[in-house]
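Here are some exercises to work through with the structure in view. Try each task on your own before you read the solution.

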Amino acid sequence: MDIKQLKYFVTIVDSDNNLSAAAKKMHLSQPALSKMIKTFEEEENIELFIRKQGKLSALTAVGETFYEQAIEVIASYEEMMKQLEEKNQFLTGSITIGIPPLILSLVFANFLSQFILEHPEIRINIVEEGAYELKKMLLVNEIDLAILLQPTELVNIEEHTLVEDELYAFMSINNAYAKKEWITWEQLAKEPLALFNDTFMIHHLVMSYFDKLNLKPMIKIQSGAWDLLLKMTFNTAFLTILPAPVKDFIQERDYKAVRIQNPLSWKVTVCRPKKKNYLNVEKFVLKSILEHFANPTP
């Protein structure tokens, strides 16, 4: 008995075993419905109904069990089809996401590779820019989603935190501070620094904290490439300030990551403009991002 026939059977029972009433509900002829039930009983060598004078009067014990199981199977089938239909609505379209290069490399590459393989019909366009440029693009709807650092200082924007960590000081393994457990902001200010340029939120977080402490750091070079900032410290006195996850990408024989006393928080957030209606592909991609970072894979 296939799913359609199961529904016929359940409809008969729900119609008080009245074949005529069930046939009307299912837009079938009564003889066809009766024959379907009889054929199934003969093929399976069972009796689902008790019959009196050729009419169905009640379910047999086997029929009652079969009815309960049929209800569960139909409900499971309909839920499966509902999910399939909902998923199908999302399997086409495109979305543009703005992501700073550092965040793209450190925390988003894994999500993107998985998502693109699982949903080939959705085209994701990536815009790599610093936070300040991405904010402007988000506000004028040039991008659908932006991956930014908090505080975003944006209004009328929906935000969801994805990752929270702290900033570390990175340096050559030969640097004197590499043997320390901590480095202070006062010590950082006295060393030659390679920092992100002012298109990146990390730059503003770091500089604001130096200002708060009335410190004037020795910034010798600024760049938007985190790998260049790191390489600047190789076998030199340079230090750079990068998010803790960079530790997973460095060669421990060459570089050392040292915690900063009173560290700054590094919070990655996904942002989108608040509006009444979102495209299905926008809702689906955001949902997928949130689920991925709520349950990160190793």
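**Exercise 1.** Find out whether Lys7 is buried, partly exposed or exposed, then describe its salt bridge with Glu78.

*Solution.* Step 1: Lys7 has a relative accessible area of 29%, so Lys7 is partly exposed (buried means under 20% relative accessible area, exposed over 50%, partly exposed in between, with a 1.4 Å probe and protein chains only). Step 2: the Lys7 side chain meets that of Glu78 in a salt bridge, at 3.8 Å from N to O (a side-chain nitrogen of Lys or Arg within 4 Å of a carboxyl oxygen of Asp or Glu). Step 3: this pair links distant parts of the chain, with Glu78 in helix α4 (residues 61–90) and Lys7 in helix α1 (residues 3–14), 71 residues apart. Helices (H or I, at least four residues) and strands (E, at least two) are DSSP runs, numbered from the N terminus. Step 4: Glu78 is partly exposed, because its relative accessibility is 42%.

Before you go on, note that this is a predicted model: local features need pLDDT of at least 70, side-chain atom pairs count only at pLDDT 80 or more, and totals for chains, interfaces and linings use all residues. Residues are numbered from 1 along each chain as its sequence is written, and side-chain values use heavy atoms, with hydrogens and water left out.

**Exercise 2.** Which strands does the salt bridge of Glu166 and Arg259 tie together?

*Solution.* Step 1: the two side chains, Glu166 and Arg259, meet at 2.9 Å, N to O. Step 2: Glu166 lies in strand β6 (residues 157–172) and Arg259 in strand β11 (residues 255–260), so parts 93 residues apart in sequence are tied together. Step 3: Glu166 is buried at 15% relative accessible area, whereas Arg259 is partly exposed at 33%.

**Exercise 3.** How many salt bridges does a search of the whole structure find?

*Solution.* Step 1: the search finds eight. Step 2: one more to look at is Lys275 with Glu282, at 3.5 Å, N to O. Step 3: Lys275 is partly exposed at 42% relative accessible area, while Glu282 is buried at 7%.

**Exercise 4.** How do the axes of α1 and helix α3 (residues 30–44) cross?

*Solution.* Step 1: the axes come within 11 Å and cross at roughly 110 degrees. Axes are lines fitted to C-alpha atoms, for helices over the stretch in contact, and angles run from 0 to 180 degrees between N-to-C directions. Step 2: α1 is therefore roughly perpendicular to α3 (a term for 65 to 115 degrees).

Conventions
Angles under 35 degrees count as roughly parallel, over 145 as roughly antiparallel, 65 to 115 as roughly perpendicular and the rest as oblique.
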